[in-house]
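Biologist: Could you take me through one part of this predicted model in detail? I would like a close look at how its parts meet, please.

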Amino acid sequence: MNKIKITCTVNGEAVCREVYPNQRLLDFLREELGLTSVKEGCGEGECGACTVIFNGEPVTSCCMLAGQAEGADIVTLEGLSKNGEMDKIQKAFIEVGAVQCGFCTPGMVLTAKALLDKNPHPTMDEIKLAMSGNLCRCTGYAKIHQAVAKAAAE
Amino acid sequence: MREFDFYSPTSVPEALELLRKYKDSNAIVAGGTDIVIELNERKHTPKVVIDIKRLKELEYIRFEDGLVKIGALTSHAAIAADPRIAERTRVLHTACAEVGSPQIRNLGTIGGNLSTASVAGDGVAAMVTLDASVVLRSKDGERTMKLVDFLNGEGYDKRNALQSDELMTEVFFTEPDAHTATAFYKLAKRKSLAISVIGGGMRCSVDDAGVVTAISLRGGCLGRYPLQFKAAEEHVLGKKLSLELLRETLPMMHDLVLDLNRNRPWSVFYKKESVQGVFNKLFVDILAQLNMEVGA
Ligand SMILES: Cc1cc2nc3c(=O)[nH]c(=O)nc-3n(C[C@H](O)[C@H](O)[C@H](O)COP(=O)(O)OP(=O)(O)OC[C@H]3O[C@@H](n4cnc5c(N)ncnc54)[C@H](O)[C@@H]3O)c2cc1C
Ligand code: FES
Ligand code: FES
């Protein structure tokens, strides 16, 4: 098996790595780059815990191969805080109490970020639709949707 | 994941060259929503993986000569967001808008949906309802065939007509005109991420007098391929369209479902009920669309 070279932008920084191709984007981000906010829940595209923002769109990184990152612009939760200050979506999740065990939270926050970047003032229905691919076992969805609405209102 | 060599061609000729070279053991990855999971679970262990996601030339929606032509790499999200498809080809719009989740719609492509040829494929059900055709290319050239023939084809892995050195490049269908309405309704176990239990597709054309000139009634998930309700179609064709007429076809649909599920009697009851529920919704939707169009 030949190694492949992956050159891409992750959280605003240029990254270049030589890796074996038989890994998912999820594994590349966690194992090669140490970005452990990217969670593996189901590993089958169902739960959204592994969501990252890929060229502006939320995608499930367990459904992609590492090699598909070539040339891409990727954002994980680690890329959201600026100068040690959390993003308004992260703050809203804390303030509203939309986090319990926290396993789904990175995926939730990134999906919300991708939504608000495109549509800064979504309706509640648009929020619910955008967040429908992220599952939470603990909190229930009302608080999560409220947190996104709160962040949008700020 | 087993070991494999990985290639990421940036043009179709380059991809075809690679497919030919590694004809004996390759896997194409488009959106990856079906195949990456299979690779990861070692259900599939090819020697070479060819990522086609960078073939931007296969990402398009064109309206030409009365046809809608969609590049194989176009995502469900892009199809669902196209305003002209939403207005004129509702069966496809709805099917793509309801695939999986937003993340899966961003990744998943129409070419992947048709190539996987899953019994639950919503894109498959919608495209069969539209009587679509697909274009397959290899180093030797191009061939075009009806999607139903593609699905019944005896290709390299018996799933469809694809040979191991072939790439699907396009799917196209005749754009529904002002006298034609189409609709899709999916019955599924959960609201999002739901794999269809039944995905019903309907296309109906009428003349100025409201007489049915063309009709297609298809049910996804009921058989290996979207099931054609032929007796029901024949009953409606040539008659004046009404809700009563359409409802007369429900027993014919039941009979067919009953027939096909003879070996699985436990599934008959719910499938029968679901078919009725799904098609009643489609009938009302289609009539509403046509009354607006025809009456105007
Ligand atoms: C959580 C989840 C929910 C889902 N929900 C739905 C749903 O509601 N409805 C539904 O229909 N599907 C659903 N799917 C299935 C899947 O997302 C779709 O079938 C999708 O369209 C597949 O496209 P892809 O580009 O991801 O295919 P890939 O996984 O990249 O490829 C699928 C297969 O097609 C082949 N292939 C892909 N493109 C080409 C091409 N151009 N030429 C030749 N061969 C090709 C590949 O080799 C592979 O065998 C779901 C999947 C997941 C994980
Ligand atoms: S781990 Fe990727 S969707 Fe669940
Ligand atoms: S907070 Fe535990 S899964 Fe969402």
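Modeller: Happy to! The partners are Glu57(A) and Lys118(A), whose closest N and O atoms are 2.8 Å apart. That pair counts as a salt bridge because 2.8 Å falls within the 4 Å limit for a Lys or Arg side-chain nitrogen and an Asp or Glu carboxyl oxygen. Polar contacts between domain 1 of chain A and domain 2 of chain A come to three residue pairs, both residues being at pLDDT 80 or more.

Which elements give two or more residues to the side of domain 1 of chain A that touches domain 2 of chain A? They are strand 3 (51–54) and strand 4 (57–60) of chain A. Strand 3 of chain A gives the most to this side, with three residues. By class, the residues on the side of domain 1 of chain A that touches domain 2 of chain A are seven nonpolar, six polar and four charged.

Now for the wider setting of that interface. Domain 1 of chain A covers 4–79, and domain 2 of chain A covers 88–153. Their C-alpha centres lie 21 Å apart. In the contact, 17 residues of domain 1 of chain A meet 13 residues of domain 2 of chain A. About 1200 Å² is buried between domain 1 of chain A and domain 2 of chain A, and carbon and sulfur atoms give 67% of that area.

Chain B and chain A bury about 2300 Å² between them, with 59% of it on carbon and sulfur atoms. As for salt bridges, the count between chain B and chain A is zero. Nine residue pairs are in polar contact across the interface of chain B and chain A, again with both residues at pLDDT 80 or more.

Note on methods: Residues numbered from 1 in each chain as written. Chains lettered and ligands numbered in written order. Predicted model: local features only at pLDDT ≥ 70, side-chain atom pairs only at ≥ 80, totals over all residues. Heavy atoms only, no water. Domains from an automatic or database assignment. Contact = heavy atoms within 4.5 Å. Buried area = accessible area lost by both parts, 1.4 Å probe. Polar contact = N/O pair within 3.5 Å; in protein donor to acceptor, adjacent residues only side chain to side chain. Helix = DSSP H or I, 4+ residues; strand = E, 2+ residues; numbered from the N terminus. Nonpolar A, V, L, I, M, F, W, Y, C, P; charged D, E, K, R; others polar.
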